[in-house]
Amino acid sequence: MRGAIHNRGASHDCDLFDWVKALGQWHLADTSASETRCGAPMLGNNHARRIPREDRRKCPQCWGTGPERI
């Protein structure tokens with residue numbers, strides 16, 4: 001179901017969704033994986049609905065802007 005809103009956060013192309021950690025680290029994850037694109041484990045709660053976009057920090061590796069992880 002592309003373009004749909006998942007319970008975990010906003011959906012992206014290729015069945016990716018937002019995974020936001022408690023301190024605002026903004027990752028992308030595949031609906032069929034148990035880790036984010038950068039390899040960070042998806043532990044705890046997803047705060048994508050609680051933390052607004054302007055208060056998040058994009059993970060450079062998940063978002064393709066650098067090799068390092070947050």
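Contact here means heavy atoms within 4.5 Å. Before I go on, please keep in mind that this is a predicted model, where local features need pLDDT of at least 70, side-chain atom pairs count only at pLDDT 80 or more, and totals for chains, interfaces and linings use all residues. Residues are numbered from 1 along each chain as its sequence is written, and side-chain values use heavy atoms, with hydrogens and water left out.

Now the overall layout. The chain has four strands and zero helices, and along the sequence that reads β-β-β-β. Strands are DSSP runs of E with at least two residues, helices are runs of H or I with at least four, and both are numbered from the N terminus. Of the 70 residues in the chain, 36% are buried. By buried I mean under 20% relative accessible area, by exposed over 50%, and by partly exposed anything in between, with a 1.4 Å probe and protein chains only. The chain exposes about 4,500 Å², and carbon and sulfur atoms supply 47% of that. Those areas come from the Shrake-Rupley method with a 1.4 Å probe, and for residues only the protein chains shown count as cover.

Let's look at β2. How many of the five residues of β2 are buried? Five of the five, so the strand is largely enclosed by the rest of the structure. L16, D18 and V20 point one way from β2, while F17 and W19 point the other way. β2 pairs with β3 in the antiparallel sense, over five bridges; for two strands to pair, DSSP has to find at least two bridges between them. If you want a landmark in that pairing, F17 stands opposite A29 in β3. The hairpin of β2 and β3 has four residues between the strands, and there G24 takes a positive phi near 95 degrees.

On to charges. Side chains of opposite charge can pair when their charged atoms come close. The structure holds one salt bridge, which I count when a side-chain nitrogen of Lys or Arg is within 4 Å of a carboxyl oxygen of Asp or Glu. The partners are R56 and D18, with their closest N and O atoms 3.5 Å apart. This pair links distant parts of the chain, 38 residues apart: D18 is in strand β2 (residues 16-20), and R56 is in the loop between β3 (25-30) and β4 (57-58). Are these two buried or exposed? R56 counts as buried at 13% relative accessibility, and D18 counts as buried at 1%.

Next, the aromatics. A search of the whole structure finds one aromatic pair. The rings of W26 and W63 have their centres 4.8 Å apart and their planes at 65 degrees, so the pair is edge-to-face. For the cut-offs, rings of Phe, Tyr and Trp (its six-membered ring) pair if their centres lie within 6.5 Å; planes under 30 degrees apart count as stacked, over 60 as edge-to-face and the rest as tilted. The two residues are 37 apart, with W26 in strand β3 and W63 in the segment after β4. W26 is buried, at 5% relative accessible area, whereas W63 is partly exposed, at 23%.

Both rings also have a charge over them. R56, our salt-bridge partner, lies over the face of W26, at 4.7 Å from the ring centre. The charged end of K58 sits over the ring of W63, 4.2 Å from its centre. The criterion is NZ of Lys or CZ of Arg within 6 Å of the ring centre and within 35 degrees of the ring normal.

Staying in β3, have a look at H27. H27 is buried, with a relative accessible area of 2%. Leaving aside neighbours within four places in sequence, the contacts of H27 include D18, W19, C38, C59, C62 and W63.

Finally, two residues in the loop between β3 and β4. R37 is in that loop and counts as exposed at 52% relative accessibility. Beyond four places in sequence, R37 is in contact with L16, L28, A29 and C62. N45 is in the loop too, and is exposed at 58%. Not counting residues up to four places away, N45 touches W19 and V20.
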